[in-house]
Amino acid sequence: MTTNYQLKRADFIFKSENDWEEILSKNISRPPQELINELISSELKGRGGAGFPTGLKWKVCAEAVNDIKYVICNADEGEPGTFKDREILSKVPFKVLTAIAICGHVTGAKEGYIYLRGEYFFLQQELNKAISEFEYYCKEINFDFTIRIFMGSGAYICGEETALFESMEGKRGEPRNKPPFPSTSGYMGKPTVINNVETLAHTYTIFKYGSKRFYDLGVQYSRGSKLFSVSGDTPKPGIYELELGMSLADFVDEFGDDDTKAVQVGGASGFLVPRKKFNETNIGFQGKLTGISLPTGGSMMLFNSSRSMYNVLDNYLKFFAEESCGQCTPCRVGCQQLMRGIKAIKRGEKNAQYLDKLLKLTETMQYTAKCGLGQSVANSFSSIVENFREEMIY
Amino acid sequence: MMKPITELIKDLADQYGRNRHNLLPILQGVVEQEKYLSEYSMIEIARELDLPAAEVFGTATFYSFLEYKKMGRNIIRICKTITCSMKGENQVLLAIQEMLKIGVGETTPDGNFTLLQTNCLGFCHKAPAMLINNDVYNELTPEKVREILSIYLNKKREEVANDN
Amino acid sequence: MDKKIKISINGVAVEIESGTSILEAARQTGVIIPTLCYHKDLCVAGNCRVCVIEVVGQKRLATACATPCEEGMEILTNSFKVRNSRKHIIELLLSEHNADCTRCYKNGNCELQKLASDYKIMSQDFISLFPFKNYTIDMFSPSIIKDDSKCVRCQRCVRTCAELQGVNALTVAYKGDQMKISTFFEKAMNDVVCTNCGQCINHCPTGALVEKNYIEEVWDAIADKTKYVIVQTAPAVRVGLGEELGFEPGTRVTGKMVAALKRLGFDAVMDTDFTADLTIMEEGTELLTRLKRALVDHDPQAKLPLATSCSPGWIKYIEHMYPAYLDHLSSCKSPQQMFGALAKTYYAKARNLDPGKIVSVSIMPCTAKKFEANRPEMHDSGYKDVDYVLTTRELAIMIKQAGIDFMKLNDMHFDRLMGESTGAGVIFGATGGVMEAALRTAYELVTGRDVPFENLNITPVRGMDGIKEASVRIENPLKEWSFLEGVELKCAIAHGLVNAKKVMDSIVSGQSSYHFIEFMACPGGCLGGGGQPIPTSPEIRIKRSEAIYAEDAGMPLRKSHQNPEIIKIYKDFLEKPLGEKSHRLLHTKYTPRKRY
């Protein structure tokens, strides 16, 4: 296995730096506009999977006129194959807390929350200790900001930003209509910045080292580094910080087990890339001039030739059918139709042409579902069915 | 010593508040002690927060970890998402079923264990993984899971012995 | 916002107010976008996704109901993408639906059926999910049947029960493929705080929520030669029935209704408005008596404000939610129940009938009346006072089944003895009507003069505001009522249970200074009741109320105490209001119930 120079490692997130107090004090005395410009020029995009420009998000919230605003750290990491946020919160929590507080300074929010998924209950104690220490320091430097943990209770859909707000408001985690958007009307109807844990950790890097250090990593449209959660048929499962823009072929060279049949990029909501497309696929937010590129939360699951793609798809569809909030027709019924549909084709109850009808259905789900869950089912469904059609039928 | 439910709910409401947005932590607090939300608990929460009972029910049943059916003292949640499934979740599940003599969704007659499946726990690089209550166990094998369950069973035997 | 913006819909440029939804903007330009979860009475949900449209330049489709127009938007409501997506959505809904339409109560008046028909869904390519679901039917309530197999999960019923009524008996439960509309712990509607008001039925697009119908039982009674079947009709029925039989909303069809009922075979067709007048006599006297006991005798048992008691949905609501305040309620039965008790006593005697052979049927705009008729205490005649309650909708079904060409009928009159009424009786069907009728009589009783409002139209109590107030100053009363000199009689009117809650909360907190409050469970009063024709909307209810007041204005007698049949029943039978016979037959007690 050759280590291709294209696969560039980075080391910002987990670098153990005990300077959060200094970073906090320094940055809350900088004018908010300066910090916003820093983020915008870094071209940092959300690391939870949606890839929205972070600087713009903070800017819109800062410009909203309201006495009450909120900063929420989305730690409802539930995408299959993703486990990086857990690691960040246990290894370098102060970076995240500092970032939340700086966001508060930029937007005018006085309260920050960490929405922590129920499955990560065991992180609570240590995290609360860190928060106590953090708030103590804030008081010392006269910075009015509190951070609290809000626990989830087992609902993947609560990772969707508006569903998260509903959950924090004591209701069912059903996504809202957009517009309005969170930066103008979020938690309790107030302007809210909601960012993924990793995104906030990157803002810490940017505020510490300046936007250029971040911008210099990666490629056009996909600046900076990202954490990748690697699992499946790999001799090196774990979390790796890599520059964006690498080709999937290089990635598989490094992390595959020499028998990699396909890679699921971005979890169940992402795309399955078959071996024949590794070379033309780049990991980032927008394609280079050639080939495709994929937005991603960084989940990379490798499958070797012993794995049945039918089982993989079946597993994903069961997941979506269960975790869907159930309010909108295309997702609630669509997921059930897809789940039963592939079973029926496999058992011979429906013929192979029915697969095409299902593909059309996923298109409709993509266009009409109310939130990202329903909209993304098409990604894995179409990429698996199109590339491994025979495995669906025989 | 476990508090009676009405007192528990009142204390939770004192701690968190009595507004709608305080509902989830209160539900979680009751589940923490009782392992599930009974009809009675939900009605008491509705009363304490001045909410309709149906709203409390509708909200609670949305969340997978807010059980509304009676549960055992130790709730096993084994991950069934793709990586854990690939890495041997099935064998581990069989080992548990064999050892405890219950199937998925069932509770042991002595009320010690309930066996459930859940979705991705975020330990895919150390699959297969499971939760018992709030504790995570990963890199499971049938042997390892038997060891883990034995510890719980021994703990229970000690408790029973101490009571006698 | 008054700012105007320019958009285009299907290539046609149009100027509309900024902030208008795409759905509304399209409607203004003559484009009808189909909807399912949208309802004028309720907040926007945006979950069914039927109303999706294409905004040029956006890959994903947007919902017309939940998306506001923005400057320069180019909207396509019937593009290839839109048509295909919409067809898929309807097919998906049908795949989880019990599509056995010919055996469904809503066959012919179902919004899903209409969508399937409009889009010509002629084949079911998708797998039917119906066999895999353990759908249940709840038939335990005397008023409402809940059939989960026909639910499209639009959540209109949940929003209605929460926003319009504030009862919250229904909720959305579970998630994903298990998501459904449910009650607390999936109990029967009968076992939870459901007030039977039936607003959920009015707002349900399919057959998931329908009334329990008694059509066959009534046909059987009519066919039974040994039985004498009496029917009474509520005031609101005569302004709603027409909508089911080809007339525009707000058409008065009183005469035709009577003619149709006679043709159906009822032995006597009489009027609930008669007992509405009677209720005014009893309740008016009760009000004045209570005022005396409270203001002069300072009797702590005499609770003010006095609350009306003719709305059984309201009664069940206060029994659940404010059981400590039941003695504020008037002890008068509702007009329906007064009629029922008198039909098998006064009427039977006068007509020489065996009361055991009388079947007493009522036509009501209300589903809670079915519950009321089944209340155990409603047996004061010695028999079940009202045997069967039919909603306006059920009557229309019977008329159609009998092959009656309703539009061609000639007007007929109600039968004697309990069929005469005044304008005060008919306005019971509108919110504020009971109050107005009571004031017309009570004011004259106390002062000897007409209420000081032009043409007896007490306009402050009329209209669709959720909570209305009116006050009447008593000056120069008759000697007997001198204690009321200078008293400002403060009245309030609440309709829709969510407004009833507000008023009750102000009473509980001690902030209320009212003497008399009219409570109606349904928005608009009975004319918007759970048994009235579907669809309902604010505009339709306004038209029906205009019809009610037009009916009142056109009647020769407009005060309850002038009704000659009322004068007769007191002379021949009841003696006086609140007399011994009245207490036995026309007054009732209430039952405290659990809040949860």
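## Close-up views of a three-chain model

Read along the sequence, chain B follows the pattern α-α-α-α-β-α-α-β-β-β-α. Keep in mind as you browse these views that the model is predicted.

**View 1. Chain B as a whole.** Let us begin with the overall make-up of chain B. Its secondary structure comes to seven helices and four strands. The C-alpha trace of chain B spans about 50 × 45 × 25 Å along its principal axes.

**View 2. Helices α6 and α7 of chain B cross each other.** Two packed helices are described by the angle between their axes and the distance between the axes. Here the pair is α6 (residues 89-100) and α7 (residues 142-163) of chain B, whose axes come within 9 Å and cross at roughly 35 degrees. Is the crossing of α6(B) and α7(B) left-handed or right-handed? α6(B) passes α7(B) in a right-handed crossing. To find the contact, look in α6(B) for B:Gln91, B:Val92, B:Ala95, B:Ile96, B:Met99 and B:Leu100. They meet B:Pro142, B:Val145, B:Arg146, B:Leu149, B:Ser150 and B:Leu153 of α7(B). Sorted by class, the residues of this contact are nine nonpolar, two polar and one charged.

**View 3. Chain A meets chain B.** The size of an interface is often given as the accessible area lost when the parts come together. For chain A and chain B, that buried area is about 3,100 Å², with 59% of it on carbon and sulfur atoms. On the chain A side 48 residues are in contact, and on the chain B side 32 residues. How many salt bridges are found across the interface of chain A and chain B? There are two. One to look for joins the side chains of B:Lys87 and A:Asp233, with an N to O distance of 3.9 Å. Across the interface of chain A and chain B there are also 20 residue pairs in polar contact, both residues being at pLDDT 80 or more.

**View 4. The side of chain A that touches chain B.** The largest share, seven residues, comes from α11(A). Divided by class, the side of chain A that touches chain B has 22 nonpolar, 15 polar and 11 charged residues.

**View 5. Chain C meets chain A.** Now we turn to another interface. Chain C and chain A bury about 3,200 Å² between them, and 55% of this area is on carbon and sulfur atoms. In chain C, the residues that lose the most area to chain A are C:Leu92, C:Ile127 and C:Lys175, which together make up 19% of what that side buries. The contact takes 38 residues from chain C and 37 residues from chain A. Three salt bridges are counted between chain C and chain A. One of them pairs C:Asp125 with A:Lys357, where the closest N and O atoms are 2.9 Å apart. Which elements of chain C each supply at least two residues of the side that touches chain A? They are α2 and β8 (171-173). The largest share of this side, nine residues, comes from α2(C). By class, the side of chain C that touches chain A has 19 nonpolar, eight polar and 11 charged residues.

**View 6. A helix of chain A packs against a helix of chain C.** Helix α12 (residues 329-346) of chain A and helix α2 (residues 80-95) of chain C pack at an angle of about 65 degrees, and their axes are 9 Å apart. The crossing of α12(A) and α2(C) is left-handed. From α12(A), the contact is made by A:Thr329, A:Pro330, A:Arg332, A:Val333, A:Gly334 and A:Gln337. From α2(C), the residues are C:Ile89, C:Leu92, C:Leu93 and C:Ser95. The contact of α12(A) with α2(C) has five nonpolar, four polar and one charged residue.

View 7. A cis peptide bond joins C:Leu304 and C:Pro305, with omega about 0 degrees. C:Pro305 sits in the loop between α9 (272-295) and β13 (306-307) of chain C. The peptide bond from C:Ile534 to C:Pro535 is also cis, with omega near 15 degrees, and C:Pro535 lies in the loop between β18 (516-520) and α17 (538-553) of chain C. In chain A, look for A:Tyr221, which has a positive phi of about 70 degrees although it is not a glycine. A:Tyr221 is found in the loop between β5 (218-219) and β6 (222-223) of chain A.

Conventions. Residues are numbered from 1 along each chain as its sequence is written. Chains are lettered from A and ligands numbered from 1 in the order in which they are written. Side-chain values use heavy atoms; hydrogens and water are left out. Axes are lines fitted to C-alpha atoms, for helices over the stretch in contact, and angles run from 0 to 180 degrees between N-to-C directions. A crossing is left-handed if the near helix is turned anticlockwise from the far one by less than a right angle, and right-handed if clockwise. Contact means heavy atoms within 4.5 Å. Ala, Val, Leu, Ile, Met, Phe, Trp, Tyr, Cys and Pro count as nonpolar, Asp, Glu, Lys and Arg as charged, and the others, Gly among them, as polar. Buried area is the accessible area (1.4 Å probe) that two parts lose on being put together, summed over both. A salt bridge is a side-chain nitrogen of Lys or Arg within 4 Å of a carboxyl oxygen of Asp or Glu. A polar contact is a pair of N or O atoms within 3.5 Å; within protein, one must be able to donate a hydrogen and the other to accept it, and residues adjacent in sequence count only if both atoms are side-chain atoms.
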